[in-house]
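Subject: Structure for you to look at

Hello,

Here is the structure I said I would pass on. Please open it beside this message, and then read through the notes below.

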Amino acid sequence: MRKSRAVHAAGAAQDDGIADSQRLATLNRGVSKGLGHCQQPGANPDDWFPVTTNEADLQIAAAFLCGGCPLLENGMCWERSLLQPADFYGIIAATTPADRRRLLRESGVAA
């Protein structure tokens with residue numbers, strides 16, 4: 001799995017950062033082809049940014065919105081989220097903000 005931007009900011013080699021930005025550009029092209037649930041015609045982007053802060057409700061929304069998405073199943077969405085700066089809003093790759101903070105802590109990167 002690729003290193004996150006936070007890891008790079010903490011001192012990873014600059015060449016890795018360039019490779020990451022090239023990989024992110026490739027992943028963005030894949031997402032922009034409309035393969036993901038979030039990119040389908042008629043998908044409302046606001047659905048991925050629920051107003052609630054209730055973690056149980058966010059978990060249900062994440063499972064509903066991203067369940068069965070081909071970009072999640074092939075790892076593309078998850079990899080793309082790891083290569084972007086930490087985003088603590090909305091549902092990304094079937095994860096909630098609390099999920100992503102926990103994953104950053106578990107990886108040893110301060111959240």
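A helix here is a DSSP run of H or I with at least four residues, and helices are numbered from the N terminus. Arg-100 is found in one of them, helix H6. Please keep in mind that this is a predicted model.

The chain as a whole

The protein chain has six helices and zero strands. Along the sequence, the pattern is α-α-α-α-α-α. Of the 111 residues in the protein chain, 30% are buried. The accessible surface is about 6900 Å², and carbon and sulfur atoms account for 56% of that. If you take the contacts between residues at least 6 apart in sequence, 56% of them join residues at least 24 apart.

Helix H3

H3 covers residues 55-66. With twelve residues, H3 reaches 16 Å from its first C-alpha to its last, which is close to the 16 Å expected at 1.5 Å a residue. Which residues of H3 are buried? They are Leu-58, Ala-61, Ala-62, Leu-65 and Cys-66. Seen down the axis of H3, these buried residues fall within an arc of 100°, so they line one face of the helix.

What do the buried residues of H3 pack against? They pack against helix H4 (70-73) and against H6.

Both ends of H3 have something to look at. Just after H3, Gly-68 has a positive phi of about 80°.

Helix H6

H6 runs over residues 97-107, and its buried residues are Pro-97, Asp-99, Arg-100 and Leu-104. These residues cover an arc of only 160° around the axis, which puts them on the same side of H6. Arg-105 and Glu-106, on the other side of H6, are exposed. Helix H3 is included in what covers the buried residues of H6. Just after H6, Gly-108 takes a positive phi of about 90°.

Is Arg-100 buried or exposed? Arg-100 is buried, because its relative accessible area is 9% and the cut-off for buried is under 20%. Setting aside neighbours within four places in sequence, Arg-100 is in contact with Asp-87, Phe-88, Tyr-89, Gly-90, Ile-91, Ile-92 and Thr-95.

The cysteines

How many disulfides does the structure hold? The count is zero. A disulfide needs two cysteine sulfur atoms within 2.5 Å. The closest cysteine sulfur to that of Cys-66 belongs to Cys-77 and is 6.2 Å away, which is too far for a bond. Cys-77 is in no disulfide either: its nearest cysteine sulfur, in Cys-38, is 6.0 Å away. Cys-66 is buried, with a relative accessible area of 8%. Cys-77 also counts as buried, at 16% relative accessibility.

Regards

Key:
Residues are numbered from 1 along each chain as its sequence is written. This is a predicted model: local features need pLDDT of at least 70, side-chain atom pairs count only at pLDDT 80 or more; totals for chains, interfaces and linings use all residues. Side-chain values use heavy atoms; hydrogens and water are left out. Buried means under 20% relative accessible area, exposed over 50%, partly exposed in between (1.4 Å probe, protein chains only). Helices (H or I, at least four residues) and strands (E, at least two) are DSSP runs, numbered from the N terminus. The arc is that of the directions from the helix axis to the C-beta atoms. Contact means heavy atoms within 4.5 Å. Accessible areas come from the Shrake-Rupley method with a 1.4 Å probe; for residues, only the protein chains shown count as cover. The expected span of a helix is 1.5 Å times one less than its number of residues.
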